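Subject: Structure handover

Hello,

The structure is below, followed by notes on what was found in it. Please keep it open while you read.

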Amino acid sequence: MSTEATRTQRALNWFTPAIALARIAWLRTILYLFVILDMHAFVRDTRLKGEHPGLYQPLFLARLFDLPKPSVANTTTLYVVLIVACLVASTNRLPRLAGWIVAPAFTWWVLIGMSDGKVDHDHLALVVALWVLPTVAPRTEGWNWKWRREISPYADQTRSEAAGWAIKCVQISVIATYFLSAIAKLRGSGWTLAWPGSAILTWAIVRRPHPVGEWLLHHPWMLHVMQWVGIIGEFLSPVILWLKGRWQLLGALFFIGFHVANTAILLIHFLPTVVCWLAFAPMERIVPWFQQRRGSNSPDSSSSSAGDTGEAEDQAEESRQAKEQAGA
C-alpha cells in the first residue's frame, strides 16, 4: 500500500472509528431528554414569539429555507411534536424516525428562539448531535415476538463505524465551540491579543454582580490570568480530539472546570455544550461494569464458586485414594 493510501486510510479510520452502539443509545436518552429541559429552561421564549410575530427577525437559515413566521398555531404544534418525538426517541424505540423529526423541529425551535439578534453558540454541538444521531441504525436482530429486546441497547457492544462517525461529529462540534470562540475574540479585537489583556471580565462582573465575582474585583491580576488561561485553552482545544485515555479526560475536565468557574463568577452556564462532552465518555462500559459488580457481589455467585471449589477438592481426594489403592 502506498504512503498516500495509508494516510487516507488513517484519516478514514480517525473519522469513522468503530464504537459500540451502546454509547449511541446512552446519548440518545440523555440528549433527547435534555432537549425537553432546554425548551423549558433555556430557549423557552419560542412560543411567546409566536404571539408577537411583528418582532420576528429571521436568522440566515430561516431566510435561506424561507421558513414561515412564528405564530401561535405553528409554535404550539412545534412544541407538542418535539415533546412527543423526544420522549419516543429517548427510549431508543423508533430512534431514526423520531430522531429525524426532532432534528429539524428543534433547529426551527432554536431559530425562532434566537431571532432577537442574540445567537447562543452553546447550542452548536447539541444541534449537530440531533442531526447525526438518526444516521446510526439500531440493532435489528435480537427482538422477540413481544417486541422486546433480548439485548439492552445500553449494553450492546456491537461495533459500528456509523456510530463512530456520529460520535466524531459531536466531538468536533464540541471542540469547534471553543476554537471558534477564540477566533471571534481575536476578530473582535482587530486580530490582536487585546482581548486577554483587557478588562472584559471586570466589565462582565460589574454587569452581572455576584459574590464570587465581586470578590475577584479586588484581585484584578487574577482576572487577567483567567482571561489568558481561557483563550489559550480555547486555541489549544483541538488537541483534545487526538488525545486518548486519561489525557483526554484531563482535557475534558479542564473545560468543565472552565464552565464551573464561569457559572460561579458570572452565573453563565454552557449546559448544552457540557452535556455533549458525554460523546467523549466511554458510556458503553457502564452496563458491563455494573453487571460485573453485581455478579461478583451476589451470594449465588459466591455459593456457586464455593460449591465448585468443594467439588474440585472431592475429586482430588478420590483420585488420591484411588492411587493409594492401586499402589497397595
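The lining of the second largest pocket divides into 17 nonpolar, 5 polar and 7 charged residues. Here Ala, Val, Leu, Ile, Met, Phe, Trp, Tyr, Cys and Pro count as nonpolar, Asp, Glu, Lys and Arg as charged, and the others, Gly among them, as polar. A pocket is an open set of points on a 1 Å grid over the protein atoms alone, where a 1.4 Å probe fits, with protein on both sides within 12 Å along at least five of seven lines; lining residues have an atom within 4 Å of a point.

This is a predicted model: local features need pLDDT of at least 70, side-chain atom pairs count only at pLDDT 80 or more, and totals for chains, interfaces and linings use all residues. Residues are numbered from 1 along each chain as its sequence is written, and side-chain values use heavy atoms, with hydrogens and water left out.

The second largest pocket holds about 800 Å³ of space, the volume being that filled by probe spheres set on the points, which are joined across faces, edges and corners. Of its 29 lining residues, the closest to the centre are Arg23, Gln171, Gly245, Gln248 and Phe280. Helix α12 gives the most to this lining, with 7 residues; helices are DSSP runs (H or I, at least four residues), numbered from the N terminus.

The largest pocket has about 1500 Å³ of space. It is lined by 42 residues, and His121, Asn262, Leu266, Ile268 and Phe270 are the closest to its centre. Its lining divides into 23 nonpolar, 9 polar and 10 charged residues.

Regards

How values were computed: Helices (H or I, at least four residues) and strands (E, at least two) are DSSP runs, numbered from the N terminus.
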